[in-house]
Amino acid sequence: MTARRRQRQHSQRDGGPLEHDSYRLLSYWYGVLDTAAGSRCDQYMADDDAGHTSAVRVSKVGYVEFETPDVDRMVDYYTRVLDFKLMERTSKGAFITTGFDHHCVVVAEGSANARSTVGYEIWEELGAAQRRLRDAGYEVERRTDIAPGTPDVLVMREPLTGTRIHLITDQENSGVDGYTPLRPTKLGHIAAYTAELAPMQNFYQDLLGFRWSDTVGDFFVFLRCNADHHAANFLATSKYTGMHHVAYEMRDPEHLITMLDHLAKNGYRLHWGPGRHGPGHNLFTYHRDPDGNTVELFTQIDVIHDEAKGYWEPRPWHETFPMYPKTWEVDIATANHWGPRDVSMADH
């Protein structure tokens, strides 16, 4: 049986989209084609919608906002401890970056509220995206006054949580040139609690074009929007609300170790890790920021380079070869291949 056929059967079994049109794959994953309203690519996507696809297609997670009662303290943490770069500070908040995007973190004054807003980049032109989202039955507002670096934004609300979702095509360039020895390479993913898993997963897959990567038990789902294993994950719970954790990518284990030594010198201790997760197989560490939010620093996350084949790029620590997305058992090895688990991280 061919890899493509196995993937098609796997997608049908798990409810994932069937990808069979090479033109659409190019437009979806690489953005090399014109997706403006009325274009050939837009027509392909509209035609495919007659079967099943998303209203828009997220290409990456762009930024996350933290509301905090002490903006100065959080800015100090991100710039002095994590070595991010402060781009601007306005009445709307502080805008902080790891690289060439204008910002990947926004710190705004308010009651402690992590993940008050999440920004995603999409392939589609915003006018076409707004039309498609409204046709799908969602309220969407287009605004030009959201923040510096993002002058054109579609604003909507995440179901169940009410978190603001911003959709953009790109950001202004930060002007930051290269990386320092400490600074993380990017905002990797954001995990959140949700009262129900299915409606949230459907929203992200059916509306925003995310794909299913893995599930733990029946309560923790991992979703991807590009080659990385996950950009968003959700834990179903009736006990908690808000953000579960935010994760920033390090280049490699040595880069991670350098940052951990720097954290220790500044009084930040790990509450879990180092370890290696099952889903995503990322090497992980967790600590808490000044507001008590959980921050993951990770490296070596699984990637899919060929969606038509549908399996993760092979790594020596994988359980099967090739390894496809799957539902994991709820056990210690799933949480951490290397040793103990932090039971609070899966408490729901």
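**Figure 1. The whole protein and its surface.** The accessible surface of the protein comes to about 14900 Å², and 49% of that area belongs to carbon and sulfur atoms. Keep in mind as you look around that this is a predicted model. The chain has 348 residues, of which 55% count as buried. How do contacts in the protein span the sequence? Among those between residues at least 6 apart in sequence, 65% join residues at least 24 apart.

**Figure 2. Strand β1 and its cover.** Let us zoom in on strand β1, which takes in residues 58-68. Is this strand mostly covered or mostly open? It is mostly covered, since 10 of its 11 residues are buried.

**Figure 3. β1 with its antiparallel partner, β5.** Here β1 is shown with strand β5, residues 113-122. The two strands run antiparallel, and 8 bridges join them. To find your way, look for Glu-65, which stands opposite Thr-117 in β5.

**Figure 4. β1 with its parallel partner, β4.** β1 also pairs with strand β4, residues 105-109. In which sense do β1 and β4 pair, and over how many bridges? They pair in the parallel sense, over 5 bridges. A handy landmark is Thr-68, whose bridge partner in β4 is Glu-109.

Figure 5. Thr-97 is found in strand β3, residues 93-97. Is Thr-97 buried or exposed? Its relative accessible area is 1%, and buried means under 20%, so Thr-97 is buried. The side chain of Thr-97 reaches the backbone oxygen of Asp-101 at 2.6 Å. Which residues does Thr-97 touch once its neighbours within four places in sequence are left aside? It is in contact with Phe-84, Lys-85, Met-87, His-102, His-103, Cys-104, Ser-174, Val-176 and Arg-183.

Figure 6. Next comes Cys-225, which counts as buried because its relative accessibility is 1%. How many disulfides does the protein have? With a disulfide taken as a pair of cysteine sulfur atoms within 2.5 Å, the count comes to 0.

Methods: Residues numbered from 1 in each chain as written. Predicted model: local features only at pLDDT ≥ 70, side-chain atom pairs only at ≥ 80, totals over all residues. Heavy atoms only, no water. Buried < 20%, exposed > 50% of the residue type's maximum accessible area, 1.4 Å probe, protein only. Contact = heavy atoms within 4.5 Å. Areas by Shrake-Rupley, 256 points an atom, 1.4 Å probe, with all protein chains shown as cover. Helix = DSSP H or I, 4+ residues; strand = E, 2+ residues; numbered from the N terminus. Pairing = 2+ DSSP bridges. Polar contact = N/O pair within 3.5 Å; in protein donor to acceptor, adjacent residues only side chain to side chain.
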